[in-house]
Amino acid sequence: MKIRPFGVEEWMNRWETLAANNIAETCVDSLTLYELLDFSGRKEEILAGLMETRLTYGDITGSRRLRELITGLYDRRDPDSVLVMNGGSAANFLALFTLVNPGDRVISVWPTYQQMTSIPEAFGAQVDILPLRPENSWLPDLDELRQMARGGVNLICINNPNNPTGSLMETSLLEEIAVVAREHDAWILCDEAYRGLVHEPGVKVASMSDVYEKGVSTGSFSKVFSLAGLRSGWMTGPKEFIAEAFSRRDYTTISCGPLIDALAVVALENREKIMERNLKIIRDSVAILGEWVDSEKHINWVRPKAGTTAFLGYDLDIPSDEFCIDLLGTTGTFLLPGKCFGIEKRLRIGYAYGTETLKKGLESVSGWLRGRNS
Ligand SMILES: Cc1ncc(COP(=O)(O)O)c(C=O)c1O
């Protein structure tokens, strides 16, 4: 079985360690274990509990407490419709491993997290791209989707909020996509790794798994909870689907382990405090980025509405990978080239990894741009 190299991850693996100012990182400023436990106000008690935990496989499905807490992030789910995985990426993989058969037709938005296209392709599906365009605020065009679906479709893959563009599909758009899927009896897989990280206070968006009876949503502790090092995430969907995914999970995962489970419980028990911190970080950061974009005549964007990334445009005559390699070599500032998504004259910035890093990074991009034009 062949699979395309994962453009974004390969770029990060190759260059990230050389970065002095990493403004390609997609997590909200990661927490230390101390900071996580501080939110709980029960640091000593939790640490003592962890020290006494026997390192068995733990609860194979994920503890009931963890699955109940995850259920609380949704409107219409129960613990048996939730499956815990080692990260959103493992959840996406398992969902696709469960849903896709050779010869299936898959429609996926693009740009998005590359798992959504390359894994189904590797499993022998025909994958057709529903392009997200800046002139449509990086949102899917429903007429185009309807048109594409006419040929038949087994699975529609979306990502909300979207990485890399930061666009946000509101509940009404999700409902319309569900109408198209329902007409064809298709599944929808929605990667919701950034769910809840919205810029405008008060805006709430439903999960696809609550909107559509054949909707599967994946979630993660990495971005929203600033806990990528925990390697924890989950999927949720109809119970029969979860049972099928669970039986396949024996081949890849067995369990996610009791230590991760316990810390994931702490994160969810304190989710309001963590969200308050993280919403402040993303809102402050996007304001800084917005001022910078307004002041840089070679840079443009569709202002993101959610998440931690923006897909900046530039008008210089230089390929995006050369832009990023030269910028890194001369300034130590690290960005991700649009080339990783096959889209030129674009750069993905991750703006939520600390306002000081962001300011320093943006300043050095400005210096680099001035240097090219002098
Ligand atoms: C949209 C999206 N989905 C999933 C993942 C994987 O996250 P995790 O750390 O939970 O495996 C990422 C990581 O960048 C992502 O951006």
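Entry 1, overall size. I take the radius of gyration over C-alpha atoms, and the globule rule as 2.2 Å times the number of residues to the power 0.38. I am working on a predicted model, where local features need pLDDT of at least 70, side-chain atom pairs count only at pLDDT 80 or more, and totals for chains, interfaces and linings use all residues. I number residues from 1 along each chain as its sequence is written. For 374 residues the rule puts a compact globule near 21 Å, and the protein has 21 Å, so the two agree. Along the principal axes, I find that the C-alpha atoms fill a box of roughly 60 × 60 × 40 Å.

I call a residue buried if 20 or more other C-beta atoms lie within 10 Å of its own, exposed if 12 or fewer, and partly exposed in between, with C-beta atoms placed from the backbone. Buried residues make up 47% of the 374. A contact means that the C-beta atoms of two residues, placed from the backbone, lie within 7 Å. Of the contacts with a separation of 6 or more, 75% join residues 24 or more positions apart.

The bounds come from an automatic or database domain assignment. They give domain 1 as 7-32 + 273-373 and domain 2 as 42-270. I note 25 Å between the two centres, taken over C-alpha atoms. Across the boundary, 27 residues of domain 1 are in contact with 28 residues of domain 2. On the domain 1 side, α1 (7-15), α12 (271-295) and β10 (309-314) each supply at least two residues, and α12 gives the most, with seven. I sorted that side into 15 nonpolar, seven polar and five charged residues. For these classes, Ala, Val, Leu, Ile, Met, Phe, Trp, Tyr, Cys and Pro count as nonpolar, Asp, Glu, Lys and Arg as charged, and the others, Gly among them, as polar.

I count P304 as buried because it has 27 C-beta neighbours inside 10 Å. Beyond its neighbours within four places in sequence, P304 is in contact with T165, G166, S167, V286, T309 and A310. I also looked at W138, which is 166 residues from P304 along the chain; their C-alpha atoms are separated by 9.2 Å.

I traced an open antiparallel sheet of four strands, in the order β9-β10-β13-β12. I count strands as paired if DSSP finds at least two bridges between them. β12 pairs with β13 (residues 346-350) over two bridges, in the antiparallel sense. There P337 stands opposite L347.

In α6 (residues 115-122) I find Q115, M116, T117, I119 and P120 buried. Their cover includes α5 (88-99), β3 (105-110), β4 (126-131), β5 (155-159) and β6 (187-191). After α6 comes G124, with a positive phi near 95°.

The shell holds 13 residues, of which G87, G88, S89, S220 and S222 come nearest. By class I get three nonpolar, nine polar and one charged.

Note on methods:
A residue is near a molecule or strand if its C-beta atom, placed from the backbone, lies within 6 Å of it.
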